Amino acid sequence: MTGYIIRRCVAAVIIAIGVAAVSYALLNFAGGSPVYAALGTHANPKAVAQWNRVHGFDKPLIVQIGNYVWNAVQLKFGYSYKQGQSVAALLDENAGRTAYLSGSALVLALIIALPLGIAQAVKRNSVSDYAATAITFTLYSMPAFFLGLILIQFFALDLHIFPPLVSSNVTSVWASFTHPAQLTLPIVTLAALTVAGFSRYMRSSALDALAQDYIRLARAKGLSERVVLARHLVRNACLPMITLVGLAIPGLLAGNIITETLYNYPGLGLLFYNALQGLDYPVLLAYTLIGGVLTVTGNLVADIAVAAADPRIRLG
Amino acid sequence: MEGVPPFGSPNIPTTAPEGGEVALITSGWRLAAHEFFSNRLAVVGLGIIVFFIVFCFLGPIVYPTNQTLTQPLLSDMAPAAAHLLGTDDNGFDEFGRIMVGGQTALEIGFFAAFMATVIGTLYGALAGLVGGIVDAVLMRFVDILLSIPLLFIVLILATRYHATLISQSLIIGLFSWQAPSRLVRGEVLTLRVRDFVTAARIMGGTRRRLILRHLIPNALSVVIVNITFLIADSILLIAYLGFLGFGLAYPTASWGDMLGNAQDAVSSGYWWLVYPVGACLVLVVMACNLVGDALRDAFDVRLRKR
């Protein structure tokens, strides 16, 4: 087990470095040096060359990548000339709000999807199973912003229950927490899309578990249906979900960009969107790298958790 | 989603064949086709896709509209007899625009999915057949690309390139081949050691014959299933690009671009600019997913009814 964890961690570090290198190469390809942001779009070519030399943007790509990775390891992400702040400060300022939004959405999605999937599997092929499948299937096929717009139309413009945009007063995580109405629609939007993927998976996982011999044995020895489901089904059916939560991170990050843009909630997603509009390369690069590292970490933790939780998995 | 049971069909395996019963020998493809068409939801999904192809590509002949010249005087009109779904802020007929926008959305979706499939199949087959260190390096590169959310990659590249039908298809196609490459590699690895491949080799089958007659046709089923999901994902992805303002340049538009101003339209009460086109988008993506699910079940021998 220890050997497995060490090997997985080493692989994860290599992949993370690869993510940094590929992101840097992509950004370099798309535009690269932030020199025009620093000196203005009509900067003198001599000054541009001089600036690039001073800041190391004239070196071969492989050296630039090496420098970037080395700085990133020390959490130095460069300087956003558009916003006049260091990228690390910008990320630090917005990360909490995004973590709150994504975390709440993920928890809400799990709270809905796990019981829903199990209930669907237990009452398979009933009217309620078909109805739930139809709804989750529709959500699964829906762009996040379209769902968000429907929610805004219905709950904000027609019924006036929730505000259509997050108020600009909600600047801290604490404010988000103490003004739940402000964040209800963004969280629900992000959660609904996550539920769509989760519950489909949960249903099939529970169906697989229901067909196993240990369920038959539990019933045969006369356990009540409630105990069979709670003790034997739920715990086994939830195992594959550990992997799925790890795999959900890229979807949540992409969902953040859409949701935060739609509801004007100031988090990392909105920061990324604004950086795209202003071609603020250091910010784009930093968030892409963070997204990649989070994904790698999520998969790593999920793999180790599954190995630890499932005694059937034997590791060499 | 691996192993999701067929949408709406019984999940319990049917009874085993009775002793002495002999099944007709038909090709696997015909069996799969039969299985596919006996799934009602699959037929509905296929019907929706065919309907939208006809609607978008032949519709403008029956319902010709002006989609190139802006007409400010006709902007944002509610649905009426002259304009079945009203007009947008440029004065374009919305019903006609859904047809034209659907053409681009479908073209980009199909083209990107096709490209990703070709690249992924070749890449995965190479990794699986060569094996060893080459395989390890190739697959670690796939791991790296899979760790960067696709939307990030596509958005970053979209800042550099002027959005056209070709550039959007290329950007999406060139970065969404990781899933098919993994599938094909896995398939090649398991097929190589299967008995029928060994048998063919023992009977003197050449390497070329093994690849063309045995490996490719058997690996093809996972590729075909995946292509439908790729189409669905690509159509969703261009919708996101359009919404975030990286859509096609005027006067062309895809469904996603038409939803780019949807937020303003919703707050102004111009519902006809949001819900019809959004519904079309959701329907097509859902139909692709339905067809994909049904195809996977049809190709999956273990789920097949006898």
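The model is predicted, so local features need pLDDT of at least 70 and side-chain atom pairs pLDDT 80 or more, while totals for chains, interfaces and linings use all residues. Residues are numbered from 1 along each chain as its sequence is written, chains are lettered from A and ligands numbered from 1 in the order written, and side-chain values use heavy atoms, without hydrogens and water.

Q: What area is buried between domain 1 of chain A and domain 2 of chain A?

A: The size of an interface is often given as the accessible area lost when the parts come together. Automatic or database assignment gives the domain bounds: domain 1 is 1-74 + 279-316 and domain 2 is 93-274 in chain A. Between domain 1 of chain A and domain 2 of chain A about 1300 Å² is buried (1.4 Å probe, summed over both parts). Tyr287(A), Thr295(A) and Val306(A) supply 38% of the area that domain 1 of chain A buries there.

Q: Which side chain meets Arg200(A) in a salt bridge?

A: A salt bridge is a side-chain nitrogen of Lys or Arg within 4 Å of a carboxyl oxygen of Asp or Glu. Arg200(A) meets Asp293(B) at 3.5 Å, N to O. Arg200(A) lies in helix α9 of chain A and Asp293(B) in helix α12 of chain B (DSSP runs of H or I, at least four residues), so the pair joins two chains.

Q: Where is Arg296(B) relative to Asp293(B)?

A: Arg296(B) and Asp293(B) are three residues apart in helix α12 of chain B, about one helical turn. Their salt bridge has its closest N and O atoms 3.0 Å apart.

Definitions and conventions. Buried area = accessible area lost by both parts, 1.4 Å probe.
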